[in-house]
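Hi,

Here is the structure I said I would pass on.

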2 protein chains.
Amino acid sequence: MSTFDDLTNNFSRLPGIGKKSAVRIVNWLLKQDGAYVQKFAQNLGVLQERVRPCKVCGTWTESDTCPICSDPLRDSSIICVVEQPQDVSTIEAYGEFKGLYHVLGGLIKPLEGVGPAQLAIAPLLDRIRGGTVHEVIVATNPTVEGDTTALYLNKLIMELGVLPADGGRDKIKVTRLATGIPVGGDLEYIDKRTLSLSFRGRSEF
Amino acid sequence: MSTFDDLTNNFSRLPGIGKKSAVRIVNWLLKQDGAYVQKFAQNLGVLQERVRPCKVCGTWTESDTCPICSDPLRDSSIICVVEQPQDVSTIEAYGEFKGLYHVLGGLIKPLEGVGPAQLAIAPLLDRIRGGTVHEVIVATNPTVEGDTTALYLNKLIMELGVLPADGGRDKIKVTRLATGIPVGGDLEYIDKRTLSLSFRGRSEF
């Protein structure tokens, strides 16, 4: 049963899908409407050819520049820097951020041999030099690698010494998303580092 | 981004995969080797055309009769009746059963309109009438529907009155897999019905 086994192996390579789930999925697919399965196969076949990184921000798109970068109503004075394209979808789904994005394509991980040169850092600096940016929000995850990358970006952007677009006298603001106890969270189950950061980042009423 | 969204929707229809996992999978696929993704799409495209039910037992196969039914070394005097093709894989993986299989394609579910006519029961009776069968193991799940279907099959097979292949004077044996506490299980967490059945099915040392 080579097609069955091959397809099971294809599915079990996907993230979050084990051998048993893959067998279950292939058995399920065999009982589905042929049109759905054909369309599925077709979409999968053209995926990598049609979907490519946006030339400006690096998120996935089917055109040269993504709909966000091409939208004149977005606030081009704020760039939100994220690790991966799916982070753009996550922030867009929340729907309150109206600025632009920049996808790094990873985080600085010296142990895995990923340095600044492997990330889309130079294009980010070029965008900032362009002169319309007022604030850069570094929205990498609050992990060791995410924090290291954020610190490094802050240093580079400060060194640029570019004045912000609004003509202010201060340098471009580089900010980081707040770390703390998530809404609905419980002090009892929160780790020490998060608790420590939530104390440091406390705010007045 | 229609291909991206379409493919995400295709993935999120699969059993056990939600919207978030689907987005994660498509993002992951975009970064994979093109050869893998192309082969995956191709396997998916030919799946329903190549893989069909075995003409004898009903399990999935790429030939007319499956490798199990075609294997002269399998014991044709025992038929293990299962609900779905994946049950065949499960029992084969355990590797100790050397008889043949018969896939019903479902269970009797009067409330969902599935009666005996919708299941592969007539072909099973034909196989038994063939005269080589000595025992039928009904391996449907120990649920209300599985038990109902097993009881119904037992009744039909008894009514056939066919003598077993080994020339014995008794009728064909119809058996059911044992229900009880799973190995490594804990009495404290076992449901009442399983406990009750494990008492009834208790064995001597």
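Helix α1 (residues 2-12) of chain A and helix α3 (residues 34-50) of chain B cross at roughly 140°, and their axes come within 9 Å (axes are lines fitted to C-alpha atoms, for helices over the stretch in contact, with angles from 0 to 180 degrees between N-to-C directions). α1(A) and α3(B) are therefore oblique to each other (under 35 degrees counts as roughly parallel, over 145 as roughly antiparallel, 65 to 115 as roughly perpendicular, the rest as oblique). Their crossing is left-handed (the near helix is turned anticlockwise from the far one by less than a right angle; clockwise is right-handed). On the α1(A) side the contact (heavy atoms within 4.5 Å) includes Thr3(A), Asp6(A) and Phe11(A), and on the α3(B) side Tyr36(B), Lys39(B) and Arg50(B) are among the residues. The contact of α1(A) with α3(B) divides into seven nonpolar, three polar and three charged residues (Ala, Val, Leu, Ile, Met, Phe, Trp, Tyr, Cys and Pro are nonpolar, Asp, Glu, Lys and Arg charged, the others, Gly among them, polar).

Some housekeeping: this is a predicted model, where local features need pLDDT of at least 70 and side-chain atom pairs pLDDT 80 or more, while totals for chains, interfaces and linings use all residues. Residues are numbered from 1 along each chain as its sequence is written, chains are lettered from A and ligands numbered from 1 in the order written, and side-chain values use heavy atoms, leaving out hydrogens and water.

Now the two copies. Chain A superposes on chain B with a rotation of 179° and 0.0 Å of shift along the axis, at RMSD 0.1 Å (least squares on C-alpha atoms of residues with pLDDT of at least 70 in both). The copies are thus related as by a two-fold rotation axis. Ala41(A) has the C-alpha nearest that axis in chain A, 2.3 Å from it. Both copies use the same surface, as 100% of the contact residues of chain A recur in chain B.

Within chain B, α1 (residues 2-12) packs on α2(B) at about 125°, with axes 8 Å apart. That makes α1(B) oblique to α2(B), and the crossing is right-handed.

Cheers

How values were computed: Helices (H or I, at least four residues) and strands (E, at least two) are DSSP runs, numbered from the N terminus.
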